[in-house]
Amino acid sequence: MAWISTKSSLLLIISIFTIVISRTTIASDPDILSDFTSPENQTSVDANYFTYTAMRGIFQKSVDKCTTTKATKAEFPVLNGQGVSLAVLQFPPGSVNPPHYHSRATGLFLLLEGVLEVGFVDTKGVLYTQRLKTGDIFLFPKGLQHYQYNFDYKRKAVGVAALSSASPGTVTLPSSIFNSGISELVLAKSFKTDVKTIKKIKEATTTP
């Protein structure tokens with residue numbers, strides 16, 4: 001419920017930081033000169049090297065907060081140089097994946113189960129939102145702040161995000177700003193609010 005009470009403040013913050021982010025360099029994956037990369041000091045591989053099994057059974061697991069299970073080059077090294085990765089997102093009733101961005105990747109999101117509110121803010125500060133139903137696909141442009149929110153307080157939601165980088169570079173806005181050590185007074189002045197409001201937002205971003 002803390003998310004709902006601070007939603008307006010977070011949207012203002014997203015708009016400000018989207019403009020800042022848009023002025024920074026957004027990197028892409030480097031090209032490789034072979035079909036795929038091999039493990040260091042290893043001359044041959046078999047089909048096991050191209051298989052990732054860590055997501056087996058995750059759809060049967062119960063989660064108590066928004067949970068992301070990734071397959072990036074950090075977890076699945078064969079993705080290095082391939083320009084692609086994957087994430088499975090599980091949303092308990094009423095949960096949120098807070099505003100964040102991927103500096104190196106566009107995201108193509110497919111909702112497999114349930115309903116979600118999704119949205120992103122462009123470099124002009126315009127917010128685009130949509131309520132998705134099972135089977136819907138939504139695009140999150142590279143480098144733009146976005147979120148997903150399960151507005152159904154009775155049912156879970158599950159989605160899969162295909163990302164156009166083996167290392168998308170995820171930066172979560174609330175935690176990277178409000179839990180960074182920047183003084184509450186500086187944050188209050190920066191966002192034209194008071195310290196009391198900043199304390200409420202910090203509490204909301206740290207509460208599981």
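In the predicted model described here, N97 is found in strand β3, which covers residues 96–102; helices (H or I, at least four residues) and strands (E, at least two) are DSSP runs, numbered from the N terminus. The model being predicted, local features need pLDDT of at least 70 and side-chain atom pairs count only at pLDDT 80 or more, while totals for chains, interfaces and linings use all residues. Residues are numbered from 1 along each chain as its sequence is written, and side-chain values use heavy atoms, with hydrogens and water left out.

The UniProt record, in an unreviewed entry, places the feature "binding site" at N97 and H102; UniProt positions are given in the numbering used here, feature names are shortened, and annotations may be inferred rather than shown by experiment. N97 counts as buried because its relative accessibility is 13%, where buried means under 20% relative accessible area, exposed over 50%, and partly exposed in between (1.4 Å probe, protein chains only). When its neighbours within four places in sequence are left aside, N97 is in contact with C66, L89, F91, Y147 and Q148, contact meaning heavy atoms within 4.5 Å. With Q148, the side chain of N97 also forms a polar contact of 2.7 Å to the side chain of that residue; a polar contact is a pair of N or O atoms within 3.5 Å, of which, within protein, one must be able to donate a hydrogen and the other to accept it, and residues adjacent in sequence count only if both atoms are side-chain atoms.

H102, the other residue of this annotation, likewise lies in strand β3 and is buried, with a relative accessible area of 10%. Residues up to four places away in sequence not being counted, H102 touches K142, G143, H146, L163, P168, G169 and T170.

UniProt also lists H100, H102 and H146 for "binding site", again from an unreviewed entry. Although these residues are spread over 47 residues of sequence, they cluster in space, the largest C-alpha distance being 9.2 Å. H100 has its place in strand β3 and counts as buried at 5% relative accessibility, and a polar atom of its side chain lies 2.7 Å from the backbone oxygen of P98. Beyond its neighbours within four places in sequence, H100 is in contact with residues including L144, H146, Q148 and T172. H146, by contrast, is found in strand β8, residues 146–149, and is buried at a relative accessible area of 4%. Among the contacts of H146, with neighbours within four places in sequence left aside, are H100, H102, G119 and F140.
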